[in-house]
Amino acid sequence: NAVDYSGYPDCRPEYIRAYEKMANLATKASVEGALHFRIRAPLISMTKAEIISKGTALGVDYSLTWSCYDPQISSGSSSAGNRKKIRQKSGNGLLLSARDSLAVPCGRCDSCRLRAKGFSEAGLSDPLIS
């Protein structure tokens, strides 16, 4: 979403418009007029709090979501091998399962701070840190 944008260029409406234009310029079917790509980004103008509230109303299980870019080893699992395993599984943290018993959100990266702010402003507790 663009409202809480903190340096992620692909979160801006300008990026979405440019990507949509590129997709329409770069595909044969689109160039020939057979189809037209349209990217929809319904969350782009919502705050994190609005997104979290809407997700809660829709039944999203936020314990299954992950925002952290620098996951940490949970207490009791501090070996270097486990840290390497987390890095191999997650790369930047996005693909790491929120239920992974080895990792916890760092609480310091931009993504963690924006997530915490969103839950707080929505009046809810983040299940990953509660």
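## Exercises on a predicted fold

Helix α3 is among the parts that cover the buried residues of helix α5, where cover refers to contact, that is, heavy atoms within 4.5 Å. The model is a predicted one, in which local features need pLDDT of at least 70 and side-chain atom pairs count only at pLDDT 80 or more, while totals for chains, interfaces and linings use all residues. Residues are numbered from 1 along each chain as its sequence is written, and side-chain values use heavy atoms, with hydrogens and water left out.

**The chain as a whole**

Describe how many helices and strands the chain has, and in which pattern they follow along the sequence.

*Solution.* Start with the elements, which are DSSP runs numbered from the N terminus (helices: H or I, at least four residues; strands: E, at least two). The chain has 5 helices and 2 strands, and reading along the sequence gives the pattern α-α-α-β-α-β-α. Then turn to burial, where buried means under 20% relative accessible area, exposed means over 50% and partly exposed lies in between, with a 1.4 Å probe and protein chains only. Of the chain's 130 residues, 32% count as buried. Finally, consider contacts between residues at least 6 apart in sequence: 59% of them join residues at least 24 apart.

**Helix α1**

Find out which residues of α1 are buried, and on which side of the helix they sit.

*Solution.* Begin with the length of the helix, whose expected span is 1.5 Å times one less than its number of residues. Helix α1 (residues 13–26) has 14 residues, which should span 20 Å at 1.5 Å a residue, and the 20 Å between its end C-alpha atoms agrees with this. The buried residues of α1 are Ile 16, Ala 23 and Asn 24. These residues lie on the same side of α1, because they cover an arc of only 95 degrees around the axis, the arc being taken over the directions from the helix axis to the C-beta atoms. On the other side, Lys 21, Leu 25 and Ala 26 are exposed, whereas the buried residues of α1 pack against α2.

**Aromatic pairs**

Determine how many aromatic pairs the structure contains, and what geometry Tyr 15 and Tyr 19 show.

*Solution.* Apply the rule that rings of Phe, Tyr and Trp (its six-membered ring) pair if their centres lie within 6.5 Å, with planes under 30 degrees apart counted as stacked, over 60 as edge-to-face and the rest as tilted. This rule gives 2 aromatic pairs. Tyr 15 and Tyr 19 form a tilted pair, with 5.9 Å from centre to centre and 35 degrees between the planes. The two tyrosines are separated by about one helical turn, because they stand 4 residues apart in helix α1. Tyr 15 counts as partly exposed at 33% relative accessibility, and Tyr 19 counts as partly exposed at 40%. In the pair of Tyr 62 and Phe 119, the ring centres are 5.4 Å apart and the planes meet at 85 degrees, so this pair is edge-to-face. Because Tyr 62 lies in the loop between α3 and β1 (72–73) and Phe 119 in helix α5 (residues 110–121), the pair ties together parts that are 57 residues apart in sequence. Both Tyr 62 and Phe 119 are buried.

**Helix α5 and Ser 67**

*Solution.* Helix α5 has 12 residues and reaches 16 Å from its first C-alpha to its last, close to the 16 Å expected at 1.5 Å a residue. Its buried residues include Ser 111, Cys 112 and Arg 115. Ser 67, found in the loop between α3 and β1, touches Ser 111 and Arg 115, when residues up to four places away in sequence are not counted.

**Cysteines**

State how many disulfides a search of the whole structure finds.

*Solution.* With a disulfide taken as a pair of cysteine sulfur atoms within 2.5 Å, the search finds 0 disulfides. Cys 68 is in no disulfide, and the nearest cysteine sulfur, that of Cys 106, is 3.6 Å away. Cys 68 is buried, because its relative accessible area is 1%.
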